[in-house]
Amino acid sequence: MAIACAAIALLAVLLAWPVPVVLARARWTTRSPAVALALWQAIALGGGLAMIGSLLGYGLLPTGLGLVEAVPVFAGALFAGPLPAAVGVTQGLALSAAVILGIHLLLNLARTAAVTERQRRRHRELVGLLSSPIPSQPGARMLDHPAPVAYCLPGVRTITVLSQGLIELLADDELEAVLAHERTHLRQQHHLVLLAFKAWNAALPWFPIANRAERSVAELVEMLADDEARRTVSGETLARAIKRVGSAWESPDASGTGYVPDAVAVQRRAERLEPGNRPLSPAARSAVLAGSAALALAPAIFMLGLL
Amino acid sequence: MDALWDASAPLTANELRDCLAERALAQTTMLTVLSRLEAKGFVAADGDRRPKRFSARRSRADHTAELMLEVLGSASDREAALARFVDTVTPREADTLRRLLG
């Protein structure tokens, strides 16, 4: 058990720092964004479980108690000691840290979800007041603003918002590509993945990696939506739309907002749509997926072992 | 709401209904909608005078700017976590990103 605990602690350290750093820099992720996203989610989930699990394991090891047996012992001792003799100060600290970390992560997820929901409702109301429906495209609305912007609002009644600037900028087939891209976000519920990583970032702001993970995931989600859109529109049209929207930000109308497009991301997304770029081989994809499953399952199995 | 934005002075519910004559709205509908907009902070009613006069709290451009900021804001301060077609950052963030990922 001690060896397993040490292994899980090592896994927690690896998943908290070096693994995400390597993955954020990896180039293969753009070839198969779906499996890369699965790996990111496994890292976040496995990392969190490994951190909590190794702390619990360390704290409980000398007592010989299982997690289920330990709960009444410790809950009883919380207000009217004494703790089991085998629990020293470090074990006590480790157990407290595990409980606090677990609660912290869950509360942050709940908080982020609530804040996001509130903002989205207000955003939806404003969009309802400020935009006009696009007759030819059900579920799409036009917002009167010169900057070229497209995004979607998930919910019971989903809305895709296109700015006036975007509609004027793009040809009909390119607009079709943008709409296909946004429909994928809505259909595949990408906002839930973004939300989970946003919460992770909010919960662990001192982990520089959480920020990088959120960025990478946001980019991969766009690429995944590109891949799905490519089933109905040509990759060439989609790449043209991406490049035109990216470069249109240099015009004075759009630059008035104080934002610039993420030029590196624009280039990466357009390049990968060029013919000749192949996704990872099925064998490589299976390997990444199997690795992802192992990363998420190993700490979960360890925690079950603690029961 | 559009009629209020286009009006130069605060309007009463009756005047507003005349602006929207082609929609043939009942007076009560008009007042319900206005009080809902007031509760949400989009519309302000002035003082105690009868009939009440309504005006938009903020201009259409202000609201649009607010929306755009929410949409364009960087990933780290953007709670709404929207998926944007082309990601945008502030120039400073762009430099940092290039350094980190370069």
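**Reading the model, feature by feature**

Tutor: With a relative accessibility of 36%, Ala293(A) counts as partly exposed. The model is a predicted one, and Ala293(A) belongs to helix α13 of chain A.

Student: Is Leu39(A) buried or exposed?

Tutor: The class follows from the relative accessible area, and buried means under 20%. Leu39(A) is at 13% and therefore counts as buried. This residue sits in helix α3 of chain A.

Student: How far apart are the C-alpha atoms of Ala293(A) and Leu39(A)?

Tutor: Their C-alpha atoms are separated by 8.2 Å, although the two residues are 254 residues apart along the chain.

Student: Which residues does Leu39(A) touch, not counting residues up to four places away in sequence?

Tutor: On that basis, the contacts of Leu39(A) are Leu23(A), Trp28(A), Val288(A), Ser292(A) and Leu295(A).

Student: At what angle do helices α3 and α13 of chain A pack?

Tutor: Helix α3 (residues 33–60) and helix α13 (residues 282–306) of chain A meet at about 20°, and their axes lie 8 Å apart. Angles under 35 degrees count as roughly parallel. α3(A) and α13(A) are therefore roughly parallel to each other. The crossing in which α3(A) passes α13(A) is left-handed.

Student: Let us turn to the sheet. What is the order of its strands?

Tutor: The sheet is open, with four strands in the order β1-β2-β4-β3 (chain A) and mixed pairing. Its edge strands are β1 (132–133) and β3 (150–153) of chain A, each of which pairs on one side only. Helix α5 (residues 89–130) of chain A packs on this sheet and touches β1, β2 (140–143), β3 and β4 of chain A; the direction of α5 makes about 120° with that of β3(A). Helix α7 (residues 172–187) of chain A lies across β2, β3 and β4 of chain A and runs at about 30° to β3(A).

Student: In which sense do β3(A) and β4 of chain A pair?

Tutor: β3(A) and β4 (residues 159–163) of chain A are antiparallel, paired over four bridges. In β4(A), Thr160(A) is the bridge partner of Cys152(A), and Val161(A) is that of Tyr151(A). The two strands form a hairpin with five residues between them, and Gly155(A) in the turn has a positive phi of about 150°.

Student: Which way do the residues of β3(A) point?

Tutor: In a regular strand, side chains alternate between the two faces of the sheet. In β3(A), Ala150(A) and Cys152(A) point one way, Tyr151(A) and Leu153(A) the other way, and all are buried.

Student: How many aromatic pairs does the structure hold over all chains?

Tutor: The structure holds one. A pair of aromatic rings is described by the distance of the centres and the angle of the planes. For Phe197(A) and Trp200(A) these are 5.9 Å and 85°, an edge-to-face pair. Both Phe197(A) and Trp200(A) are buried. Because they are three residues apart in helix α8 (residues 190–203) of chain A, about one helical turn separates Phe197(A) and Trp200(A).

Notes. Residues are numbered from 1 along each chain as its sequence is written. Chains are lettered from A and ligands numbered from 1 in the order in which they are written. This is a predicted model: local features need pLDDT of at least 70, side-chain atom pairs count only at pLDDT 80 or more; totals for chains, interfaces and linings use all residues. Side-chain values use heavy atoms; hydrogens and water are left out. Two strands pair if DSSP finds at least two bridges between them. Contact means heavy atoms within 4.5 Å. Axes are lines fitted to C-alpha atoms, for helices over the stretch in contact, and angles run from 0 to 180 degrees between N-to-C directions. Rings of Phe, Tyr and Trp (its six-membered ring) pair if their centres lie within 6.5 Å; planes under 30 degrees apart count as stacked, over 60 as edge-to-face and the rest as tilted. Buried means under 20% relative accessible area, exposed over 50%, partly exposed in between (1.4 Å probe, protein chains only). Angles under 35 degrees count as roughly parallel, over 145 as roughly antiparallel, 65 to 115 as roughly perpendicular and the rest as oblique. A crossing is left-handed if the near helix is turned anticlockwise from the far one by less than a right angle, and right-handed if clockwise.
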